[in-house]
Amino acid sequence: MSKMIEISGLNKNYSGKKVIDGLDLEIDHGELFGFLGPNGAGKTTAIRILTTLTKPSSGRVLINGIDVAREPASVKSEFGIVQQHLSLNRDLTISENLQLHARLHHLSKKERNQRIADLLDYVELSDHADYLIDDVSGGMKRRAMIARALIHRPKLLFLDEPTVGLDAQTRRKVWDLIRRMNVEGTTVFLTTHYIEEAEALCQRVGVLHHGRIIAIGSPLSLREKLGMIAVEMNLNGNGTEYKYFPDRVQAAQFIEGLPGTERVVMRESNLEDVFIELTGQKVLGGVT
Amino acid sequence: MIDAYSILWADLVALKRRGPRYLITTLVSPILYLVAFGWGLGRGINLNGTSYLEFVIPGIIALTAMTTSFNGAGTRLNVDRLYFKSFDECLMAPIGLTSLLMGKALIGVVRGLMSSVAFLIVALLISPHIHIGPQFLLGLLLTCLTFAFLGVLAALLARSHEDMAVFGSLILMPMTFLGGTFFSLSQVPVGLKYALYILPLTHSSLFLRAAALDQPLPWGSFLILLAFLMAFLVGGMMTLKKISI
């Protein structure tokens, strides 16, 4: 059985600069995958290539077995996308935005009216269906974009920084929605620079840096590789140094051996530690 | 065509929402032109037995059709593409590029026809002798189509909102005053006259004026306008193919 996404040897150059550099990636059906990376790592460019908005310089992308470059028209029915920026038509109401999308995906009148009602209920926007986009909150706009992306029942959903700019409460609401969609069978490809978001949601994450995947695996396996226990040492105002250990015993032995002048914190490592170690190594040329 | 209508549908919903306000604002410029040139400067001028007011009204209609069609399609697409980014959603929808291009141009045609017809009604109250027949309406439709597709082409080529403003200043503004709207081409030197034939608005003005004054129709101008339409359509298609997979 083919994968939901198969990327091989993908490259994208802008004015001689490599934005995507030989990207290889496979994502299974039903997976909730997270693409992590600092700003400018190439996350949005990768999503734009996968969603037919940008032509790759070279390489191959298959979505549900369909070649994106050769059959863009067919592949467009396979996915939905929630873009990072607000891409709703601001002259229309929430319901009309969904209507437009349903029309463009060739849903019959009866089908689209039912689907819009169902989706507005799903994202808890039924009471705001007839509000113009500029008259609703940021969280509602984001949920409207999710509803729009789902209108044609896509098998794959791209979420490009879906919670950027949202308050903590609304972010949790969007997380619940993402989990629910995934449980109901939708493959989710998420990009985020909120590490806790990737950790909370994703079964597997890939860390993208300078257009290349520098680590991939479950959040737990990536933490295990780094060390499950982190020791933070405050260097008397000269920054903080981090050490990672497989368990608390080894971490405690390390702390006992310290001269005792630093302020030391022992805690569980997290995906942010993994991310900073990986991207920091590349950027700074070695941080331990 | 269903997909083109779907694109148009969204723009029509938005237009309906602000219809009266749109009509009022769109009538300001042509009425000012009419007052300034038709009643002000042109009072007492007679061109081969035709009053200047009757002469200038078809030119102002061509001008209104040009600006409202261009802006109705182009400015809107430019904003959707570069500011709201909602054009990306259309590019990712499973519809043909021809439908997308047509849909985006058609709102320009609708807006162009609305404004032109509204001004025409005002003009008919002032000068009831203007002849409005099928040929006039055909010429008006072709003018709206041509400039709507030019608007789409400009919006697809533009990399910023400033690019659209530059296009307006360098292309539309000279055409406004030189495209045979306010003066007869027979009054300008031969060299300039031929240069002005390069402008599509010149041919719109010539055709609409002949139709409105019930004179022999310059079908050559009609065909040239048709050629401009095809060129803008093909140009738009090629540009759209370039920016889409």
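Me: What share of the 288 residues of chain A counts as buried, and what makes a residue buried?
Reply: Of these 288 residues, 44% are counted as buried. A residue is called buried if 20 or more other C-beta atoms, placed from the backbone, lie within 10 Å of its own; with 12 or fewer it is exposed, and in between it is partly exposed. The model is predicted: local features need pLDDT of at least 70 and side-chain atom pairs count only at pLDDT 80 or more, while totals for chains, interfaces and linings use all residues. Residues are numbered from 1 along each chain as its sequence is written, and chains are lettered from A and ligands numbered from 1 in the order in which they are written.

Me: Why is L25(A) called buried?
Reply: L25(A) has 20 C-beta neighbours inside 10 Å, and therefore counts as buried. This residue lies in strand β2 (residues 17-27) of chain A.

Me: What makes a stretch of chain A a helix or a strand, and how many of each are there?
Reply: Helices (H or I, at least four residues) and strands (E, at least two) are DSSP runs, numbered from the N terminus. Chain A has 10 helices and 13 strands on this basis.

Me: Which residues is L25(A) in contact with, leaving aside its neighbours within four places in sequence?
Reply: Two residues are in contact if their C-beta atoms, placed from the backbone, lie within 7 Å. With those neighbours set aside, L25(A) is in contact with I5(A), I7(A), G206(A) and I213(A).

Me: What joins domain 1 of chain A to domain 2 of chain A in terms of residues in contact?
Reply: In chain A, 12 residues of domain 1 are in contact with nine residues of domain 2. On the side of domain 1 that touches domain 2, α7 (195-201), β9 (204-209) and β10 (212-217) of chain A each supply at least two residues.

Me: How many residues do chain A and chain B give to their contact?
Reply: Chain B gives 19 residues and chain A gives 23 residues. On the side of chain B that touches chain A, the largest share, seven residues, comes from α1(B).
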